[in-house]
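Visitor: I'm new to this one. Could you show me how to read its pockets and what lies around the ligand?

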Amino acid sequence: AKESGRNTLSFYLPSMNERALERMALLDAMRNAMSAGQFELHYQPQVDLASGAVIGMEALIRWRHPRMGALGPDRFIALAEETGLIVPLGTWVLRAACAQAAAWQRNGLGALRIAVNLSSRQFKDAGLPQLIADILHETGLPAASLEIELTESLMMEDADTAVATMRALKRMGVHLSIDDFGTGYSSLSYLKRFPVDVLKIDQSFVRDIGHDANSAAMVAAMISLSHELGLRVIAEGVETRAQWDYLLGRGCDEIQGYYFSRPLCGSEFERLVRERGNV
Ligand code: C2E
Ligand code: CA
Ligand code: CA
Ligand code: CA
């Protein structure tokens, strides 16, 4: 028993250490990655369904790791959140996104709107409205061209403070959207309470439009509900023509998804907008 106990232990500990080491290495690399300029933003077009024009884009972070290659946010955002590194990283994202959108507006790409994801730590920071005001001022991006994406769970963590922060952002003219709508809890009560402009239907509902009548019905209901409440509605994760047609038929305002385009690097995005037309 002693023998097997030691074996279990010697098998188990190194693997735990490996994971811990891997985390530490990633964290260490992440700290340097900011100053080394290894983070970059990709942009996924948001398309007006009725006209087919690109009217905005969502900024999505990527990490060009020198050895591991391009890493998606699912590989490092959670760790950045746990360690607080998300605050400086998120500030970098906000500044880079606003600067890029302002540059595209100046260069004749149209009044494109940029959507930026915010993590809970950033949203809870009391200095957030001022930070955003400073970045808008610095970059020259009109406040109405910035859309902040918040998740349901983030808003529910401390609802009273969330409402106050959201009002401060709204007063500046910044737009607010609910990301991944339908995947959190108490999805309906807070729609009355939180001053949002846009609802983004989560891709899990959109994915099943063609196969599952209930998902399709829920998507239709979310579109109606949004419009009844005076909100704009975006469907995420649109991959097929059938999904596109269904959403168009139901009066969905905008779509985002691989059917139109994957997230693109800056120069690819610019080329696409110049070729396919914009606002
Ligand atoms: P999200 O905000 O829900 O972003 C949409 C994700 O869906 C993106 O993944 C996008 O590439 C992917 N996507 C877009 N169209 C389609 C489609 O048609 N089919 C499928 N299957 N997927 C599609 P990505 O870029 O890997 O980002 C994952 C998540 O990481 C984001 O989910 C967001 O929660 C987070 N994230 C990304 N950038 C940032 C950031 O700058 N800050 C923070 N805090 N989180 C970020
Ligand atoms: Ca998002
Ligand atoms: Ca989403
Ligand atoms: Ca998501």
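Visitor: Where does ligand 1 sit?

Guide: A pocket is found on a 1 Å grid over the protein atoms alone: an open set of points where a 1.4 Å probe fits, with protein on both sides within 12 Å along at least five of seven lines. A molecule sits in a pocket if more than half of its atoms lie within 2 Å of its grid points. Here, ligand 1 sits in the largest pocket. Keep in mind that this is a predicted model, where local features need pLDDT of at least 70 and side-chain atom pairs pLDDT 80 or more, while totals for chains, interfaces and linings use all residues. Residues are numbered from 1 along each chain as written, ligands are numbered from 1 in written order, and side-chain values use heavy atoms, without hydrogens or water.

Visitor: Which residues come nearest to ligand 1?

Guide: "Near" means that a heavy atom of the residue lies within 4 Å. Of the 21 residues around ligand 1, the nearest are Gln44, Arg62, Asp179, Glu239 and Tyr258. For polar contacts, look for a pair of N or O atoms within 3.5 Å. Gln44 has a polar side-chain atom 2.9 Å from a nitrogen of ligand 1, and Arg62 has one 2.9 Å from an oxygen of the ligand. In Asp179, a side-chain N or O atom is 3.0 Å from a ligand oxygen. As for cover, ligand 1 taken alone exposes 810 Å², and the protein buries 81% of that (areas by the Shrake-Rupley method, 1.4 Å probe).

Visitor: Which element gives the largest share of the shell around ligand 1?

Guide: Strands are DSSP runs of E with at least two residues, and helices are runs of H or I with at least four, numbered from the N terminus. Strand E2 (54–65) gives the largest share of the shell, four residues. Strand E6 (175–181), like E2, supplies at least two.

Visitor: What volume does the largest pocket have?

Guide: A volume is the space filled by probe spheres set on the grid points, which are joined across faces, edges and corners. For the largest pocket that is about 1,100 Å³. Lining residues have an atom within 4 Å of a point. There are 39 of them here, with Glu58, Leu60, Pro73, Asp74 and Asn117 nearest the centre. E2 gives the most to this lining, five residues.

Visitor: And what about the second largest pocket?

Guide: Its volume is about 330 Å³. It is lined by 15 residues, and Glu22, Arg23, Leu26, Arg75 and Leu79 are the closest to its centre. Helix H1 (2–35) gives the most to the lining of this second largest pocket, with six residues.

Terms used
A polar contact is a pair of N or O atoms within 3.5 Å; within protein, one must be able to donate a hydrogen and the other to accept it, and residues adjacent in sequence count only if both atoms are side-chain atoms.
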